[in-house]
Amino acid sequence: HELEAKHVQQVTQGGGFTAFGDDGTLTFEYRVPERVCFRGDSYLPLSVLLAIVDEVTSWASVGVDPARRPGVSIDLNAALAAGRVPPRAGDHLVFLARSRRMGRTLGFQTCEVRTGSGELVATARHTKLLDMGRAWGIAFGAGFDLTRGLLRAFGSVDRPLPTLSPTVGGLLRPEACEVEGEAGGVGRAMERHRVAGGMLNE
């Protein structure tokens, strides 16, 4: 089971999702940009670290869940390793996320954040409510082949953008995110619009 996705904002810095191991460990590499750090000391806020952990652990959970349930976060926490200072702008971080237990209702994920050289920076835990209802179970469980066919037939990312006011319209620009599928082919998974200070997924 292989996942190779590159987030648009990380491609130029060699980041993004880089591996999905046989043991279900999803690896995300991140070069800390100056714009997300505290001004003055350039430390990465824990809230930014948690946001990345939330994203990576959620994808790790979806990757091993036969019903592909994204779920809803119940608990998300992280702690810096003993004696560590928070990461700074320019640091290379490696997020190693794994689903530890998954049931019908709850899922439990963990994440280790390490430096590029392997030193432990932080550990995190994530608990998700996974009950998505009967319709989701049918669409993404036993009926997933039909769902996939419908998405390929009607889920085009080439549709026109909604009309926006001139002041807002200039801020948005379509971006494509490529994901390697099960058969090894590369497809456009979603459309992203660049927004000042981040990305807006559609």
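Colleague: In which loop does Arg69 lie?

Modeller: This is a predicted model, in which local features need pLDDT of at least 70, side-chain atom pairs count only at pLDDT 80 or more, and totals for chains, interfaces and linings use all residues. Residues are numbered from 1 along each chain as its sequence is written, and side-chain values use heavy atoms, with hydrogens and water left out. Helices (H or I, at least four residues) and strands (E, at least two) are DSSP runs, numbered from the N terminus. Arg69 lies in the loop between H1 and S3.

Colleague: Is Arg69 buried or exposed?

Modeller: Buried means under 20% relative accessible area, exposed over 50%, and partly exposed in between (1.4 Å probe, protein chains only). Arg69 counts as buried because its relative accessibility is 11%.

Colleague: Which residues does Arg69 touch?

Modeller: Contact means heavy atoms within 4.5 Å. Leaving aside residues up to four places away in sequence, Arg69 touches several residues, including Ser61, Met102, Leu130 and Trp136.

Colleague: How do strands of a sheet pair?

Modeller: They pair through backbone hydrogen bonds, either parallel or antiparallel. Two strands count as paired if DSSP finds at least two bridges between them. Here six strands form an open sheet, ordered S1-S2-S4-S5-S6-S3, with antiparallel pairing. Strand S1 (16-20) and strand S3 (72-80) are the edge strands, each pairing on one side only.

Colleague: How many bridges join strand S5 to strand S6?

Modeller: Nine bridges join S5 (residues 106-115) to S6 (residues 120-129). Glu112 stands opposite Thr123 in S6.
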